[in-house]
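I opened my notebook to record what I looked up in this structure. My entries follow in the order I made them.

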Amino acid sequence: MSAESVRRAVEKLADNFAADRSERQMRTTLAREDFGLLAEAGLQTAGLPAERDGLWHSLPESTRSICEIYRILAHGDSSVALVCAMHPAVLSFWLATPHVPELDTGDWSGQRTAVFDSVEQGAWWGTITSEPGSGGDVHRSRAVARRDADAWRLSGQKHFGSGSGITSYMVTTAVPDGEEDADWFYVPVEGNPFDGSAGITLMAPWDGHGMRATQSHALAFADCPVERFAWPGHLDDLIDAAAPFIGTLFTAVVLGILETATAAARAQLAPKAESLRPYEQVEWAQAELEAWTAEQAYEGMLRAIESGNPARGAALRGKTIAAQLAESCLLRICRVLGGGTFARHSPFGHWFEDVRALGFLRPPWGLAYDGLVADSWEPTTGGPSSPGSR
Ligand SMILES: Cc1cc2nc3c(=O)[nH]c(=O)nc-3n(C[C@H](O)[C@H](O)[C@H](O)COP(=O)(O)OP(=O)(O)OC[C@H]3O[C@@H](n4cnc5c(N)ncnc54)[C@H](O)[C@@H]3O)c2cc1C
């Protein structure tokens, strides 16, 4: 399957989603049918390597074509786009690290086969790594994983699990029994009720102001069976390889929302352009500047990745500034359009809250700025690495 054919099929769906925008923006839950349609459109192949007829060739070759699909999907439905973005985001841990050193080579290769088999069988992947009190820093995980014969069992509190109830597997972190540092695991969740009977309890259903229908629930795990990543003790290495892709993907989703909001605002404002007050004209011009600059930041991220040089720093800068610009741009648009944007039937209040998600997505604000500030004093080849966000 080619990225272009998936992009075209997803674009058709996004157009249909956009036609139902007012109903969709009021949703607080995901519709499973959407995921069936997106699977038929081939979107799950964004998480498969080329040798499996997937869209992933390598970080420099594939980031743009995959991110563009998500940018287009976000034109139709913010929540669906964000949830679907988690799929290639977490699968990129295996995609961007095709080989590992000798001791773990066989196990890693076997795990990649099993993970990609699951995608071919229809699984959507997501993540529930965040923990209350960790500030989004995976190194601060307090969840624990204990050995039980040949299996691992996870216990701990997690939240922000976008796509909970839709995904079949969720990537997470925990401190393995007898070890000091957190490591990666994944939880098979398909068909598991969140009532505690399978070791997973729904603690708080998602009630976000923005990304309302992402089902980013808080879950508690108690002795829940999990799989450990087959390259144990390499949490940071796996993040380093995948982070530029993940940051650019999240940025693509928010850029798609920003484009849709700016176009809708322009359509509303153009007929009364002559009667706009000076303040409104300036705010609108500023909003357009910010939308344009956010797009340049995204282009800069892609170009850094496509250069083949370390791109983690550029991706972090791009994601952070795009988050600031998107939030500011939507604020200005709402000011110019007026108080009606507070109404739930207006799309703009929804978009305003939706774009605010980018700054909280990994690495969230505080961690992002740790990396940006550290790098400004001690520049590294690849730019800021935001240690806590790894
Ligand atoms: C729309 C959206 C979707 C997201 N999707 C995902 C996802 O799919 N997977 C994922 O892993 N992460 C996801 N995230 C989370 C994100 O990656 C960050 O981890 C998160 O935003 C960090 O939140 P925080 O800074 O509030 O810190 P956190 O420490 O995570 O705190 C969050 C909340 O916990 C409370 N809290 C703080 N300290 C404590 C404490 N000691 N004990 C108890 N409660 C405490 C705070 O009051 C706050 O409300 C998502 C975030 C958003 C906004």
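**Strand pairing.** I began with strand β6, residues 200–204, and its pairing with β7 in this predicted model. I found 4 bridges joining β6 to β7, and the two strands run antiparallel. I then looked up I200 and found it opposite F221 in β7.

Next I took strand β3, residues 151–161. I found that 7 bridges join β3 to β7, which spans residues 217–228. These two strands also run antiparallel. I checked Q157 and noted that its bridge partner in β7 is A220.

Then I turned to strand β5, residues 183–188. I found β5 paired with β7 over 2 bridges, in the antiparallel sense. Here F185 has R228 of β7 as its bridge partner.

I placed M211 in the loop between β6 and β7. Is M211 buried or exposed? I looked up a relative accessible area of 3%, so M211 is buried.

I found Q215 in the loop between β6 and β7 too. Q215 has a positive phi of about 50 degrees and is not a glycine. Its relative accessible area is 11%, so I wrote down Q215 as buried.

**A cis peptide bond.** I then checked the bond from R362 to P363. This peptide bond is cis, with omega near -10 degrees. I noted it because most peptide bonds are trans. Where does P363 lie? I found P363 in the loop between α11 (357–360) and α12 (365–377).

**Two helices.** My last entry is on helix α5, residues 78–95, and helix α7, residues 235–269. Their axes come within 9 Å. The axes cross at roughly 165 degrees. Over 145 degrees counts as roughly antiparallel, so I wrote that α5 and α7 are roughly antiparallel to each other. I also noted that their crossing is right-handed.

Which residues make the contact? On α5 I listed S78, A81, L82, A85, M86, P88, A89, S92 and F93. On α7 I listed L238, I239, A242, F245, I246, L249, F250, V253 and I257. I sorted the contact of α5 with α7 by class and got 16 nonpolar, 2 polar and no charged residues.

Key
Residues numbered from 1 in each chain as written. Predicted model: local features only at pLDDT ≥ 70, side-chain atom pairs only at ≥ 80, totals over all residues. Heavy atoms only, no water. Axes fitted to C-alpha atoms, helices over the stretch in contact; angles between N-to-C directions. Parallel < 35°, antiparallel > 145°, perpendicular 65-115°, else oblique. Left-handed = near helix turned anticlockwise from the far one by under 90°. Contact = heavy atoms within 4.5 Å. Nonpolar A, V, L, I, M, F, W, Y, C, P; charged D, E, K, R; others polar. Pairing = 2+ DSSP bridges. Buried < 20%, exposed > 50% of the residue type's maximum accessible area, 1.4 Å probe, protein only.
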